[in-house]
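Please consider the structure below, which is to be read alongside its sequence. The explanation that follows leads through selected features in turn.

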Amino acid sequence: MDSLKKKGKVTPIFTNPKTSDMDNMVMEQRCTDACCFFCIMKEPDPSLRRAGIASCFKEMPLIKDDQQHVLVLSGLWNIAMTQPDDPEFPSLGIFDCMASFVEKGINDRNWLLMDQNIYIPYYAAHVIGSYTMNKVEFAEKAVLAGVIPPLMELLRGKISWVEQRVAVRALGHLASYERTFEAVAAYEEELVRLGMHLASTCLDEVYVKFAGVKDKSKRSKYHSDLLTRGVGGLEMENRKAEEWASQLQCWSLYLLNCFACKERSLNLICKQEFLTDLSGMWGGLVNHSSPAAVGLIRILCYSKYGRKSISESKEVLGNLCHLSRSSDDWQYMGIDCLLLLLKDPDTRYKVIEITTMFLIDLVELKSLGDRSCLGKTITKALLLCYKQSKFRIKSSQVQKALQETWELKVERRKREKTISEEKVEERRVLANLIKQQANHMFWLGDVEAAVKSYTEALDACPLKFRKERMVLYSNRAQCYLLLRDPDSAIRDSTRALCLSNPANSHGKSLWRRSQAYDLKGLAKESLMDCIMFINGCINSETNKRVKIPYYAARMISKQMDATWLFANAQSKATISHLRKVQESDDDYEISSNEKQECDEIMRMMMEKKSIASGLSTIIEEHLIVRKRNLREMKRERRNKAVVARSM
């Protein structure tokens, strides 16, 4: 819709009434129009007022040239957002009116480009979505009013991505009700294909068409106005574009959810190409209230066909495994998916060798949110038919991990139940002494010996002393970090966080796991742990002035860049630009400005490559080398106290 850019010279009118009723939207000058919507809203007689509103809803779409239409629809948009359950307007024909406006915008291009009419289809579709959000009765009225065909036209991209966003939102609401689902399902195959396409490509689309356009004057003016409500500059536009792009993706996934939960069109949704795309959709920090891809994946895991497809996708399985060992709000969904796959005999042995190495770290998890005894559930799923199933597992590493889990959760628990309280206390004291020896070895620089001593302490410490074992796991994780073994560091940090109360609340373990994830190039997981760590620092501060550790702030900055919603879209656009430059290199000589631009792009790509490679540039402490004398170690300990405070 490049031809729609900067059309119309009149400044758009955006109203944001402070009150929730349109009676206060009073025109300063006397109105001479007998059919003026604002005058009708001020009518004191309720019956006359309702009759006038109904008449306006019928006549407004028929009036070809009325500059008040945008003002009226902007006000209706605000009322629908603040009072979506108010039955007045839905009962008076607002859905017929909005559907007519959308159709008019699609079919009459001259009218669409006149004055400020370009804003009308967006407002109309948004009003439909707001009123159908909570009430099935309103959704039924909307379907009877014929809103689905014009919304489908918007979803097909007849205007722009901005209108697609509100169209998929409205269609998702209509598809979520049993009584209106079949009306939406009349377009099932096309809807599912459009939803999959939008979810996979919308971030690229928004970046290329808007967010990646650095020159504000070259951006679509009405897009900018809708994003910022007429207030804010380039930075505000970029933030809102990121938020809206995330919403467009998440609402597309929600629409697919409505079909997946009824086990419809699974043959389309479960295509491996789409599942690969799905594994990278996480919604971003700007849309933290939506589970994004993992919500759809969990729905798919409830069906046999879906579980079969998920078990064959290494990308999805990897994403679920990393999510299950993160501090993400949707961690429990990742665990749910893996448990569903393990409990199905047809998929268990397809996924067990991948999932076991992640889930074994969660077997001591007591609760997560409203889910209690989650560790026991995970243990049962892993050890299901253990003695028979171990012969079907080829990996010796997985067999060993399951054997250790059996020893920890079954055999050792049985033994400790028979030990007296005096013996338990003796073992706790012994574990503490070994821990002190391990700490001493750590400060002498013998990190490998410290690891062995922490392991001995864990073997000695009774299972009931969760806090003591949490510290031992966390300290050993720090040793693994210094030994450049991020996998072991993640494993021990995760076990420490499972033992913390509540789960995922031990600050030092969060920071250590964040560093380990950074070393592996898992930016999202590193970011979530670092955010949780900083939240813990803030909540623990007793002073009014909150101090955020500089190293954590640097980590946040790095991972925010790496996990930026448009990061992949930017890389694709950069590569595409470079290819065009290379193709045209034979035709003409590149100017100095273009050469500088290409050099800058290459520099940015190298920076992104270094981030993606997982080479950590943020390390809390330098690697301690074993062969140093005691004086050097004491001097280093005084000068570099970061690790000292963390043990």
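This is a predicted model: local features need pLDDT of at least 70, side-chain atom pairs count only at pLDDT 80 or more; totals for chains, interfaces and linings use all residues.

The volume of the second largest pocket is about 680 Å³. Four helices each supply at least two residues of its lining: α24 (396-417), α26 (447-460), α27 (466-482) and α28 (486-499). Of the elements involved, α24 gives the most, with nine residues.

The largest pocket may be described in the same terms. Its volume is about 940 Å³, and 33 residues line it. Nearest to the centre of the largest pocket lie Gly280, Trp282, Ala562, Trp564 and Asn568. Two or more lining residues come from each of α12, α16 (272-278), α19 (314-324), α30 (523-540), α32 (567-584) and α33 (592-612). By class, the lining of the largest pocket consists of 14 polar, 13 nonpolar and six charged residues.

Helix α12, one of the elements that contribute to the lining of the largest pocket, also packs against another helix. The axes of α12 (residues 188-211) and α14 (residues 234-260) come within 9 Å and cross at roughly 170 degrees. The two helices are therefore roughly antiparallel to each other, since an angle over 145 degrees counts as such. On the side of α12, the residues in contact include Glu188, Leu191, Val192, Met196 and Phe210; on the side of α14, they include Glu237, Asn238, Leu248, Leu256 and Phe259. The residues of this contact divide into 17 nonpolar, five polar and two charged.

Aromatic rings provide a further point of interest. A pair of aromatic rings is described by the distance of the centres and the angle of the planes. The count of aromatic pairs comes to 21. One of them is formed by Phe101 and Trp111, which are stacked, with 6.3 Å from centre to centre and 20 degrees between the planes. Phe101 belongs to helix α5 (residues 94-107) and Trp111 to helix α6 (residues 109-112), so the pair ties together parts that are ten residues apart in sequence.

Two features of the backbone remain. Most residues other than glycine have a negative phi, and most peptide bonds are trans. Ser265, although not a glycine, has a positive phi of about 60 degrees; Ser265 is placed in the loop between α14 and α15 (266-269). The peptide bond from Asn501 to Pro502 is cis, with omega near 0 degrees. Pro502 is found in the loop between α28 and α29 (507-519).

Key
Residues are numbered from 1 along each chain as its sequence is written. Side-chain values use heavy atoms; hydrogens and water are left out. Axes are lines fitted to C-alpha atoms, for helices over the stretch in contact, and angles run from 0 to 180 degrees between N-to-C directions. Angles under 35 degrees count as roughly parallel, over 145 as roughly antiparallel, 65 to 115 as roughly perpendicular and the rest as oblique. Contact means heavy atoms within 4.5 Å. Ala, Val, Leu, Ile, Met, Phe, Trp, Tyr, Cys and Pro count as nonpolar, Asp, Glu, Lys and Arg as charged, and the others, Gly among them, as polar. On a 1 Å grid over the protein atoms alone, a cavity is a set of points where a 1.4 Å probe fits but cannot get out, and a pocket is an open set with protein on both sides within 12 Å along at least five of seven lines; lining residues have an atom within 4 Å of a point. Grid points are joined across faces, edges and corners, and a volume is the space filled by probe spheres set on the points. Rings of Phe, Tyr and Trp (its six-membered ring) pair if their centres lie within 6.5 Å; planes under 30 degrees apart count as stacked, over 60 as edge-to-face and the rest as tilted.
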